[in-house]
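Please read it alongside the sequence and the model.

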Amino acid sequence: MQKEKLRLIRKQKGYTQQQVADFIATDVSNYSRKESGDVRIVKDEWDKLARFLDVPFEDIYEEDEPAVIINNDHPVFNDRSSSAGIITNQNNYDNIPGAIIENLQSYIALLKEENERLKEELKGLPRGRK
């Protein structure tokens, strides 16, 4: 979601994206993505932005919309249904290579197995050592 209030006040005050980026210690391309809503602005940054623009926090703050990312490159992530009122935003995550998804799924499976093994190991320990 674009941060229209932030963009409007920045322009009204005559600041460039570069000037704001320098103040919050980021590069201009990252700040541009923050202003366009592609990158989340954290609370500390909102505070810095309000201070820099010399406005109350509430004058520029716009809450991020929650996003559910669904990737259709892999069968585990292929449900585009809008059941239960879930809103989906694609945000260019559809182009993650399937090999990366498979690698991550394998790693998750390995971690689950390790968790189970460790749980069993804990069960065998004397009570005082847990």
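A charge is taken to sit over a ring if NZ of Lys or CZ of Arg is within 6 Å of the ring centre and within 35 degrees of the ring normal. By this criterion Lys43 lies over the face of Phe57, at 4.8 Å from the ring centre.

The model is a predicted one, in which local features need pLDDT of at least 70 and side-chain atom pairs count only at pLDDT 80 or more, whereas totals for chains, interfaces and linings use all residues. Residues are numbered from 1 along each chain as its sequence is written, and side-chain values use heavy atoms, with hydrogens and water left out.

The chain holds six helices and zero strands, where helices (H or I, at least four residues) and strands (E, at least two) are DSSP runs numbered from the N terminus. Of its 130 residues, 21% count as buried, a term that means under 20% relative accessible area, with exposed over 50% and partly exposed in between (1.4 Å probe, protein chains only). Among contacts (heavy atoms within 4.5 Å) with a separation of 6 or more, 49% are made by residues 24 or more positions apart.

In helix H1, residues 4–12, the buried residues are Leu6, Arg7, Ile9 and Arg10, and these pack against H2 (17–23), H3 (28–36), H4 (43–53) and H5 (57–60). Gly14, which follows H1, has a positive phi near 80 degrees.

Ala25 lies in the loop between H2 and H3 and is exposed at 69% relative accessibility, while Asp54 lies in the loop between H4 and H5 and is exposed at 64%.

The whole structure contains four aromatic pairs; rings of Phe, Tyr and Trp (its six-membered ring) pair if their centres lie within 6.5 Å, and planes under 30 degrees apart count as stacked, over 60 as edge-to-face and the rest as tilted. Two of these pairs are tabulated here.

| Pair | Centre distance | Plane angle | Class |
|---|---|---|---|
| Tyr15 and Phe52 | 4.5 Å | 45 degrees | tilted |
| Phe23 and Phe52 | 4.8 Å | 40 degrees | tilted |

Tyr15, in the loop between H1 and H2, is 37 residues from Phe52 in helix H4, and Phe23 lies in helix H2, so its pair with Phe52 ties together parts 29 residues apart in sequence. Ring pairs link Tyr15, Phe23 and Phe52 into a cluster, in which Phe52 is buried at 18% relative accessibility, whereas Tyr15 is partly exposed at 27% and Phe23 is partly exposed at 38%.
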